[in-house]
Amino acid sequence: MNVLAFSLFLAIVGLTLIITYAASKRTKTTSDFYTADGSLTGWQNGMAIAGDYMSAASFLGIAGMVALSGFDGFFYSIGFLVAYLVVLYIVAEPLRNLGKYTMADMIAARFNEKKVRGVAALNTITISIFYMIAQLVGAGALIHLLLGLDYVYSVLIVGVLMTVYVVFGGMTATSWVQIVKALLLMIGTFIISIIVFSKFDFSLAKMFSEMKTATPLGDGFLNPGNKFKNPLDMISLNLALVLGTAGLPHILIRFFTVKDAITARKSVIYATWIIGVFYIMTIFLGFGAAAFVGYDDIIKANAAGNMAAPLLAQVLGGDFLFAFVSAVAFATILAVVAGLVLSAASAFAHDFYSHILRKGAATEKEQVVAARWASIGVSILSIILALFAQNMNVAFLVALAFAVAASANLPIILLTIFWKRFNTAGAVTGMLVGLFSSLFLVAISPNVWAPEPGAAIFVGEPLITLTNPGIISIPLGFLAAFIGTLLSSKKADEKKFDEILVKANTGMGIEEPVKH
Amino acid sequence: MAMNENSLKKVNNASSSPDYTEIVQSASFQKLLKQKRNFILPLSLFFLAFYFTLPILTAYTTVLNKPAFASMTWAWVFAFAQFVMTWTLCILYTKRASKFDELVDTIKKEAAN
């Protein structure tokens with residue numbers, strides 16, 4: 001076991017527990033628990049969004065993909081970033097103005113019926129749990145590689161920590177863990193990038209020309225097409241990337257942690273700058289790993305390339321930088337899973353328990369208790385699923401989450417704000433068709449079925465060649481919402497739409513945060 | 001006494017919900033909607049088109065594989081342009097949104113009277 005890495009892991013655990021302890025004293029009401037009482041500044045929330053978003057898939061996954069497949073890995077960086085324009089231009093401000101604690105709140109602001117809230121909450125929970133299993137499986141593998149701990153113990157450690165943050169510190173602890181992580185990740189990535197760039201004499205021209213001979217791909221390394229061979233699949237992936245973010249529940253709930261739409265806007269802008277700078281640096285991580293670690297050693301450590309960034313740190317800065325970068329990767333996972341637990345738990349406690357089961361009659365104290373138990377329940381469920389999913393492909397789970405988010409959530413969010421005729425039947429059909437069509441398309445895809453044993457979950461021919469369902473399921477989600485609306489005999493409540501229009505665009509009528 | 005009356009008035013205003021249809025039909029609200037639509041719709045279409053042009057060109061053609069500067073091909077230049085595009089659109093949005101905010105203030109004041 002690497003003692004230095006172990007000490008840095010402990011330091012990070014200690015720091016996050018101190019944050020949680022401080023936050024626990026400020027977490028008493030439901031508003032504290034779900035949204036840190038809307039008290040974050042634009043800058044703080046911008047950092048927290050970045051910390052919530054830049055997952056291990058971004059840091060370890062993209063670095064590995066760029067190192068192994070060159071240009072194609074960079075598509076993820078571009079899609080993950082441009083997605084924030086959809087969030088900024090279309091979703092963030094109306095969401096802040098209409099919602100209170102969860103995404104379902106926003107939809108229920110227009111269609112205040114149990115089934116609408118229930119289905120919206122179901123989508124939130126499904127997406128968050130798929131995303132979380134991916135993070136936990138990744139965390140297990142990473143800690144196993146870095147510290148030599150068993151997969152089971154690794155998942156348990158991460159699982160217990162995320163539960164502690166959320167149960168005791170709620171959104172305040174989650175936000176600050178994310179802020180600290182964003183800072184650490186930017187520092188770690190920046191140090192590596194500068195060292196890599198210095199090895200190319202700070203010349204982009206030199207870097208690109210040397211990359212032509214640095215890998216087994218030769219000239220082809222710099223050209224697209226090494227990883228994605230099927231053009232339609234490629235477009236489908238890009239579609240899910242750019243539209244998925246605006247439907248990811250753990251990102252959407254971050255906008256309730258600020259006081260108004262103007263601050264929500266500022267936080268997206270800050271987040272976009274931070275995330276953009278980070279994704280630019282993924283080129284240095286990927287190129288550096290390809291050039292200085294080498295194809296064979298990257299593949300040897302992990303076939304998918306997930307160890308490229310830590311290995312690069314080892315080559316460039318020895319044991320200390322390796323330990324530091326590993327600890328940063330660990331912090332990255334912790335911050336993301338905490339956000340996911342919170343988003344799934346708030347859907348359980350706020351939507352299912354308070355609104356549907358108790359019909360809004362639960363006291364403040366009962367709601368906070370329910371939210372804490374929901375967090376524990378969500379954590380235990382995800383830990384168990386992650387233990388069974390050890391051999392599942394992480395990319396498959398993340399693709400699922402993005403595709404479901406883009407197909408099931410985004411159409412409903414957009415139509416709720418913009419379409420006057422939209423009605424309850426349309427909202428419910430749209431969400432259900434988006435959810436189940438994306439799940440079904442993945443279930444029959446090459447992610448799940450492969451002719452050769454071990455390449456996917458089951459052995460057999462996949463029914464479709466698309467690995468990402470977005471290009472079919474996203475239009476289906478929109479279509480189902482339209483058809484459901486048109487087929488329903490119930491006319492849309494136009495007065496209600498006027499109210500939504502005014503509230504979404506001006507923020508009138510949102511509750512002032514309660515002062516304690 | 002006057003202060004008490006004032007605060008009472010405020011409470012009443014806050015608790016009774018305004019006539020949203022009237023606000024929607026007001027000139028300033030229609031102006032806000034129009035300004036937002038004229039900005040957000042074309043720019044959203046633009047960034048989606050700009051974004052999808054890259055994967056479509058790389059998936060179906062090899063035109064971007066020609067070197068642009070030294071060994072850097074046009075695909076990379078286009079990829080970096082996506083970052084520049086994103087940041088530029090963020091700045092443009094911030095500037096324009098402050099105009100929307102002014103209109104929102106007007107609408108809120110009108111609704112309060």
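**Entry 1. Helix α10 of chain A**

I began with the buried residues of α10(A), which are A:D233, A:M234, A:S236, A:L237, A:N238, A:L239, A:A240, A:L241, A:V242, A:L243 and A:G244. I note here that the model is predicted. Of the 14 residues of this helix, 11 are buried, so α10(A) is largely enclosed by the rest of the structure. I then checked the length of the helix, residues 231-244 of chain A. At 1.5 Å a residue it should span 20 Å, and its end C-alpha atoms are 20 Å apart, which agrees.

**Entry 2. Helix α15 of chain A**

I turned next to α15(A), which has 25 residues. From its first C-alpha to its last it reaches 37 Å, close to the 36 Å expected at 1.5 Å a residue. I listed its buried residues: A:Q367, A:V368, A:A370, A:A371, A:A374, A:S375, A:V378, A:S379, A:S382, A:I383 and A:A386. For the spacing in this list I recalled that an α-helix has 3.6 residues a turn, so residues three or four places apart point the same way. I also looked up what covers the buried residues of α15(A), and found that the cover includes α2, α7 (114-147), α8 (151-199) and α14 of chain A.

A:D37 is placed in the loop between α2 (30-35) and α3 (42-53) of chain A. A:K359 is found in the loop between α14 (308-357) and α15 (364-388) of chain A.

Is each residue buried or exposed? Residues count as buried at 20 or more other C-beta atoms within 10 Å and as exposed at 12 or fewer. A:D37 has 23 such atoms within 10 Å and is therefore buried. A:K359 has 9 within 10 Å and is therefore exposed.

**Entry 3. The contact of chains A and B**

I examined the contact between the two chains, which takes 39 residues from chain B and 41 residues from chain A. On the side of chain B that touches chain A, at least two residues each come from α2 (20-25), α3 (27-60), β2 (72-73) and α4 (74-112) of chain B. Which element gives the most to this side of chain B? I found that α4(B) does, with 16 residues. By class, I recorded 27 nonpolar, 10 polar and two charged residues on the side of chain B that touches chain A.

Key: Residues numbered from 1 in each chain as written. Chains lettered and ligands numbered in written order. Predicted model: local features only at pLDDT ≥ 70, side-chain atom pairs only at ≥ 80, totals over all residues. Helix = DSSP H or I, 4+ residues; strand = E, 2+ residues; numbered from the N terminus. Expected span 1.5 Å × (residues − 1). Contact = placed C-beta atoms within 7 Å. Nonpolar A, V, L, I, M, F, W, Y, C, P; charged D, E, K, R; others polar.
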